[in-house]
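User: I would like to learn how to read a few features of a protein model. Can we take them one at a time?

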Amino acid sequence: RTFLIGNLLVSFLSAMTVAYGGLAVGAVKPTLVPAMMVFFFMLSREILKTVEDLEGDSRVGLRTVAVVSGKMWTLRMFSILALMVVLLSPLPWVIGIVSATYVRIALPWIATVMMAAAVILPRHPSDRNIRLTLLVTKLDWLVWLFAMFVGVRQTLG
């Protein structure tokens, strides 16, 4: 209901589930990079959802990112966040918390989905493309979780 605060809070709480998992097993440090990735991924989707809900939110007087900033600026913000997710995605492997299997599973999906969305949506901002992007990024999220699970298991031996 308020400009960006709710989006940031949802993203932060989502990211903290990863960090709290690390805290539960006494290993918070290895969870910080994945938590950061979760934060930016969730924030990108939260921002995009405000565009999907723009008409209704505007009608009832909510002050969401898309209502306050407009559709195109919000789509550009989504694109920047999506590209950040792509740039961060190799980090779990670079810092050694996952195996190369993570790279083979996650990176092609993340790079393809998030980069395509970042490039296509600002150029073709139809409601259909926004809905499709939200669906495909949800699937992207599941692939990333699977890749993290497999990659961490192989790293732990």
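User: What percentage of the residues count as buried?

Analyst: A residue counts as buried when its relative accessible area is under 20%. In this predicted model, 42% of the 157 residues are in that class.

User: How many helices and strands are there?

Analyst: The protein has 8 helices and 0 strands, so the pattern along the sequence reads α-α-α-α-α-α-α-α. The radius of gyration is 16 Å, close to the 15 Å that the globule rule gives for 157 residues, so the protein is as compact as a globular protein of that length. Along the principal axes, the C-alpha trace spans about 55 × 30 × 20 Å.

User: How many aromatic pairs does the structure hold?

Analyst: Two rings pair if their centres lie within 6.5 Å. The structure holds 3 such pairs. One of them joins phenylalanine 39 and phenylalanine 40, with 5.3 Å centre to centre and 80 degrees between the planes, which is edge-to-face. Phenylalanine 40 is buried, at a relative accessible area of 17%.

User: Why is the pair of tryptophan 141 and tryptophan 144 called stacked?

Analyst: Planes under 30 degrees apart count as stacked. For tryptophan 141 and tryptophan 144 the planes are at 20 degrees and the ring centres 5.4 Å apart, so the pair is stacked. The two residues are 3 apart in helix α8 (residues 127-156), about one helical turn.

User: Are tryptophan 141 and tryptophan 144 buried or exposed?

Analyst: Tryptophan 141 is buried, with a relative accessible area of 19%, and tryptophan 144 is buried at 5%. Ring pairs also link Phe41 with Trp141 and Trp144 into a cluster.

Key. Residues are numbered from 1 along each chain as its sequence is written. This is a predicted model: local features need pLDDT of at least 70, side-chain atom pairs count only at pLDDT 80 or more; totals for chains, interfaces and linings use all residues. Side-chain values use heavy atoms; hydrogens and water are left out. Rings of Phe, Tyr and Trp (its six-membered ring) pair if their centres lie within 6.5 Å; planes under 30 degrees apart count as stacked, over 60 as edge-to-face and the rest as tilted. Buried means under 20% relative accessible area, exposed over 50%, partly exposed in between (1.4 Å probe, protein chains only). Helices (H or I, at least four residues) and strands (E, at least two) are DSSP runs, numbered from the N terminus. The radius of gyration is taken over C-alpha atoms; the globule rule is 2.2 Å times the number of residues to the power 0.38.
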